[in-house]
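This report describes selected local features of a single protein model. The sequence and the structure are shown first.

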Amino acid sequence: MQKRPFYLRSLLLQRFNWIEERGLQLARLHGYSKVTPAMSRLLGNMAGRPLGLSELARRMGISRQAVHKLANEVAKLGLVELVASPDDMRVVLLQFTKAGWAMSAQAAKDFEELEADLRQYLGARDLDELKRLLSVPWDIEEKAAAAVPVQQP
């Protein structure tokens, strides 16, 4: 049997799944047991700013209809709301509610806790280097996007 190489895609996916699983465990501990992995992925792709459903669908690699269904499920939990774009009335944006921002703040604390655990396992220098490498733009589009500041409430 031929030994298969460890491709970066597989390694990143394994580590993403490791983080997601632990993040969802912490979310359940803090009262967010109804948040599913798909909801978590949707909220994570929002990155704290209102986004159009089409843009979310593109980022997640799923249909606009699937994003709309998922957005409605998250809205029923009171974490997001659908609003008309002030720039284009044909575009529907998904944005955090006050409860969604509270959940986001708790998630940030949870991810800090996860990183503290990783710092123990990997060492501070290796974790910092991993984060540095993953934050470097990988193509010209990312480099251009990195120059645009993210708005916070």
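## Basis

The model is predicted. The values given here are computed from that model.

## Helix α3 and its cover

Helix α3 spans residues 53–60, and its buried residues are L53, L56, A57 and M60. Viewed down the axis of α3, these buried residues fall within an arc of 100°, so they line one face of the helix.

Both helices and strands contribute to the cover over the buried residues of α3. Among the covering elements are the helices α2 (37–46) and α4 (64–76), together with the strands β1 (51–52), β2 (80–84) and β3 (92–96). After α3 comes G61, which has a positive phi, near 70°.

## N45 in helix α2

N45 is part of helix α2. Is this residue buried or exposed? N45 has a relative accessibility of 18% and therefore counts as buried, the cut-off for buried being under 20%.

Leaving aside residues up to four places away in sequence, N45 touches L51, L56, R59 and M60.

## Strand pairing

Strand β3 pairs with β1 in an antiparallel arrangement through 2 bridges. L51 has L94 of β3 as its bridge partner; L51 is also a contact of N45.

Strand β3 also pairs with β2, again antiparallel, and here the bridges number 5. A84 is bridged to V92 of β3. The strands β1, β2 and β3 are also included in the cover of the buried residues of α3.

## The loop residue A47

A47 sits in the loop that connects α2 and β1. Its phi is positive, about 50°, although A47 is not a glycine. With a relative accessibility of 41%, A47 counts as partly exposed, since that class lies between 20% and 50%.

## A nonpolar surface patch

Which residues make the nonpolar surface patch of about 800 Å²? The patch is formed by L8, L12, Y121, L122, L130, L134, V136 and W138. Helices α1 (8–29), α5 (98–122) and α6 (124–135) each supply at least two of its residues.

V136, one of the patch residues, is located in the loop between α6 and α7 (140–146). V136 has a relative accessibility of 35% and so counts as partly exposed.

Notes
Residues numbered from 1 in each chain as written. Predicted model: local features only at pLDDT ≥ 70, side-chain atom pairs only at ≥ 80, totals over all residues. Heavy atoms only, no water. Buried < 20%, exposed > 50% of the residue type's maximum accessible area, 1.4 Å probe, protein only. Helix = DSSP H or I, 4+ residues; strand = E, 2+ residues; numbered from the N terminus. Arc of directions from axis to C-beta. Contact = heavy atoms within 4.5 Å. Patch = residues over 30% accessible without salt bridge, like charges linked within 9 Å, V, L, I, M, F, W, Y side chains within 5 Å. Areas by Shrake-Rupley, 256 points an atom, 1.4 Å probe, with all protein chains shown as cover. Salt bridge = Lys/Arg side-chain N within 4 Å of Asp/Glu carboxyl O. Pairing = 2+ DSSP bridges.
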